[in-house]
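Subject: Structure handover

Hello,

Please find the structure below, for your own work. My notes on it come after.

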Amino acid sequence: MSSSDFILGLIAGEGCFYVELNKNKRMSHNIYARPAFSLGVKVDDPDMVHILEEEFGFGEIVHRDNSIEIRVRKKENIRYLIEWMDSNKTDLFTRTDKSRQYEDWKIIRNKINNCETDEDMEEIVTLTKSLSNSTHGKSKDDWHNLIRQD
């Protein structure tokens, strides 16, 4: 097994591709949307997180009570992660739910990069809500109403 196969398995089992949505009146649509990736494991198995950090050369390590996690949020690091995933994903990985989450996440990322209108941002919010419910407890309609505020 190659190291990339191991990392893909780790990502398939423990990784999370998501989009952070934050209220920000200074942004053109009142929302700051940022693609992100995290992978967390029990605190007694930190090598799994450090393997990713070594392979990619980036990521923020976060220690929690019973876990350790690597987070990737910077644009240039997200771009590299996508390049790595696209050049290393295997047929086996493409059959996982995580692969489908990853492909949906890439679509959202591209939409964020090309967002010009309130309608574009509403679509990003809708897609983000279908990807994950971790949007600060706000409903899709709450986010849509925030976009429309002047």
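This is a predicted model: local features need pLDDT of at least 70, side-chain atom pairs count only at pLDDT 80 or more; totals for chains, interfaces and linings use all residues.

Core. The largest nonpolar core contains 34 residues. Those with the most contacts inside it are I11, F17, V19, L39, L52, M85 and W105. At least two core residues come from each of the helices α1 (3–14), α2 (47–56), α3 (75–88), α5 (97–113) and α6 (118–131). The strands β1 (15–23), β2 (31–42) and β4 (67–72) each supply at least two as well. As general background, nonpolar side chains in soluble globular proteins tend to be buried together.

For V19, residues up to four places away in sequence were not counted; beyond them, V19 touches A33, R34, P35, W105, I108, I112, T128 and L131.

- With α3: the helices pack at an angle of about 110°, and their axes are 11 Å apart. Because angles of 65 to 115 degrees count as roughly perpendicular, α1 is roughly perpendicular to α3. The crossing is left-handed. On the α1 side the residues are S4, I7, L8 and I11, which meet W84, M85 and N88 in α3.
- With α2: the angle is about 125°, again with the axes 11 Å apart. This makes α1 oblique to α2. Here α1 contributes S3, F6, I7, L10 and I11, while α2 contributes M48, I51, L52, E55 and F56. In this pair, too, α1 passes α2 in a left-handed crossing.

E14. This residue is found in helix α1. E14 has a relative accessible area of 44%, so it is partly exposed. Leaving aside neighbours within four places in sequence, E14 is in contact with S38, L39, G40 and V41. E14 and E69 are 55 residues apart in sequence, and their C-alpha atoms are 9.9 Å apart in space.

H29. The side chain of H29 makes a polar contact with the side chain of D118, at 2.8 Å.

Regards

Notes
Residues are numbered from 1 along each chain as its sequence is written. Side-chain values use heavy atoms; hydrogens and water are left out. A nonpolar core is a set of buried Ala, Val, Leu, Ile, Met, Phe, Trp, Tyr and Cys residues joined through side-chain atoms within 4.5 Å. Buried means under 20% relative accessible area, exposed over 50%, partly exposed in between (1.4 Å probe, protein chains only). Helices (H or I, at least four residues) and strands (E, at least two) are DSSP runs, numbered from the N terminus. Contact means heavy atoms within 4.5 Å. A polar contact is a pair of N or O atoms within 3.5 Å; within protein, one must be able to donate a hydrogen and the other to accept it, and residues adjacent in sequence count only if both atoms are side-chain atoms. Axes are lines fitted to C-alpha atoms, for helices over the stretch in contact, and angles run from 0 to 180 degrees between N-to-C directions. Angles under 35 degrees count as roughly parallel, over 145 as roughly antiparallel, 65 to 115 as roughly perpendicular and the rest as oblique. A crossing is left-handed if the near helix is turned anticlockwise from the far one by less than a right angle, and right-handed if clockwise.
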